[in-house]
Amino acid sequence: MNAFEIYGGNPLKGEIIPQGAKNEALQILSAVLLTEEAVTVSNVPDIKDVNKLIELLGDLGVEVHRQSQDTYVFRAKDINLEYFKSDTFRSKGGGLRGSIMIVGPLLARFGKAAIPKPGGDKIGRRRLDTHFLGFEKLGARFHYDANAHFFNVDATDLTGTYILMDEASVTGTANIVMAAVLAKGTTTIYNAACEPYLQQLCKMLNRMGAKITGIGSNLLTIEGVDHLGGTEHRMLPDMIEIGSFIGLAAMTESEITIKDVHFDELGIIPSVFSKLGIRFERKGDDIYIPHQTSYEIDTFIDGSILTVADAPWPGFTPDLLSIVLVVATQAKGNVLIHQKMFESRLFFVDKLIDMGAQIILCDPHRATVIGLNKAFKLRGIEMTSPDIRAGVSLLIAALSAQGKSVIHNIEQIERGYQDIERRLQALGANIRRIDSNLPLH
Ligand SMILES: CC(=O)N[C@H]1[C@@H](OP(=O)(O)OP(=O)(O)OC[C@H]2O[C@@H](n3ccc(=O)[nH]c3=O)[C@H](O)[C@@H]2O)O[C@H](CO)[C@@H](O)[C@@H]1O
Ligand SMILES: C=C(OP(=O)(O)O)C(=O)O
């Protein structure tokens, strides 16, 4: 097990290029199962979750050819459906949340699929009902083996229908869309999620021959086709990384340029950081964050305390709330963070409180942050990263803190952030990887 040792407190400077989007990658890579033709995917992030999914595709029989550092060619010609029965699949299949999205394409193309209960962050209940209710609506049979924690679906034919999703689930929408593209007739999905990840997926599917309209809205219409062909696809930059770097710059008083961000695809994200008082400029397609010694949180027009809450797109992504929270700890002013979707994602604040932050955890979903306005720096401590985004928030806190911090369980961070210590070192950060079991001194 590895840990990060960080000496914080000094400003960083330079340029950073965001990786390809993790959550988009997990959808796009699942979609290669929909065709026997070659699909070339570029800007693939080299991160644990994505690499696990690529390995899983390979185990299923997909030919995987790595053309360059970030570009792969996939060919799902001969798929081994017997693999579902293997012990390896039982252990590997549930290794990440994103693996659930192989179910839709396999069901559509081969009439059956299975998946162990998927992993991902331990951030509260993460139900999958929406996925399987959707498959059932399309005509699939569903069976959950509660002892083995195994989900099974099969169908002789999928038939298009009207689906009112019980919640705008991101991976659920992707899964149902990928099943519906090869169904007979027309499927209408209402209350669909429409994150950029999904918009990218739908655009790619259309290039493969699918007929999807309503992309970017919560009402998708999918006219089923008999067959899909190969295509090429390039992943967008990871908007969660971009938000994390804006937060990092503000917290550490750094001057950072985030390159090629695809600003127009960032939705409400930049304006939420603006509301925290962080100044930045759009320069072409880069975001330039100047060195700033203080930033002041807005209030609402009537003077009441700002609330930052998550919501399905185009609302604010829950994956950036932990970052907003940590950044607010050094702002001037107060903010209420309301994490509506996940019930265990705010518990990491006890580590920030140990570091000197002033936070009241009101309940599992809400935390009030009383900004310190840089009256004093947070102090470095030893801590464990509970989930991917809390992990990066603690990393940002450690980089801004006085003295030494050690963050354990960095595998969580590495699920979603590529080569993070080298990229931070290039900005001047004092961070190094150590053996988690080494005695601390
Ligand atoms: C691999 C992947 O892509 N993971 C992302 C995906 O997870 P994932 O697709 O698993 O998350 P879902 O969109 O299904 O839902 C996340 C949680 O929010 C709740 N919920 C969802 C929709 C809604 O309208 N109301 C509501 O309360 C769900 O009950 C669930 O607890 O989307 C989440 C929500 O953006 C992100 O945090 C994850 O990073
Ligand atoms: C919660 C996240 O990931 P996952 O859904 O893969 O657990 C995330 O990316 O913030």
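This is a predicted model: local features need pLDDT of at least 70, side-chain atom pairs count only at pLDDT 80 or more; totals for chains, interfaces and linings use all residues.
## Basis of the model

Local features are given only where pLDDT is at least 70 and side-chain atom pairs only at pLDDT 80 or more, while totals for chains, interfaces and linings use all residues. Residues are numbered from 1 along each chain as its sequence is written, and chains are lettered from A and ligands numbered from 1 in the order in which they are written.

## Domains

The protein is assigned domain 1 (2-19 + 237-435) and domain 2 (22-234), with bounds that come from an automatic or database domain assignment. Taken over C-alpha atoms, the centres of domain 1 and domain 2 are 31 Å apart.

In the interface, 19 residues of domain 1 are in contact with 16 residues of domain 2; contact requires C-beta atoms, placed from the backbone, within 7 Å. The side of domain 1 that touches domain 2 has 6 nonpolar, 4 polar and 9 charged residues. Here Ala, Val, Leu, Ile, Met, Phe, Trp, Tyr, Cys and Pro count as nonpolar, Asp, Glu, Lys and Arg as charged, and the others, Gly among them, as polar.

## Ligand shell

Around ligand 1 there are 20 residues, of which Asn23, Ser169, Val170, Thr171 and Met341 come nearest; a residue is near if its C-beta atom, placed from the backbone, lies within 6 Å. Helix H1 (22-31) and helix H6 (170-180) are the elements that give two or more residues to this shell, and H6 provides the largest share, 3 residues. Helices are DSSP runs (H or I, at least four residues) numbered from the N terminus.

By class, the shell around ligand 1 holds 8 nonpolar, 6 polar and 6 charged residues. Ligand 1 lies between domain 1 and domain 2, because both give residues to its shell.

## Helix contacts

The axes of H1 and helix H7 (residues 196-207) come within 9 Å and cross at roughly 25°; axes are lines fitted to C-alpha atoms, for helices over the stretch in contact, and angles run from 0 to 180 degrees between N-to-C directions. H1 and H7 are therefore roughly parallel, the term for angles under 35 degrees. Asn23, Glu24, Gln27, Ile28 and Ala31 of H1 meet Tyr197, Gln200, Leu201, Met204 and Leu205 of H7. This contact of H1 with H7 has 6 nonpolar, 3 polar and 1 charged residues.

Helix H4 (residues 103-110) and H6 have axes that come within 7 Å and cross at roughly 15°, which makes H4 roughly parallel to H6. Val103, Gly104, Pro105, Leu107 and Ala108 of H4 contact Asn175, Ile176, Met178 and Ala179 of H6. The residues of the contact of H4 with H6 comprise 7 nonpolar, 2 polar and no charged.

Terms used. Angles under 35 degrees count as roughly parallel, over 145 as roughly antiparallel, 65 to 115 as roughly perpendicular and the rest as oblique. Two residues are in contact if their C-beta atoms, placed from the backbone, lie within 7 Å.
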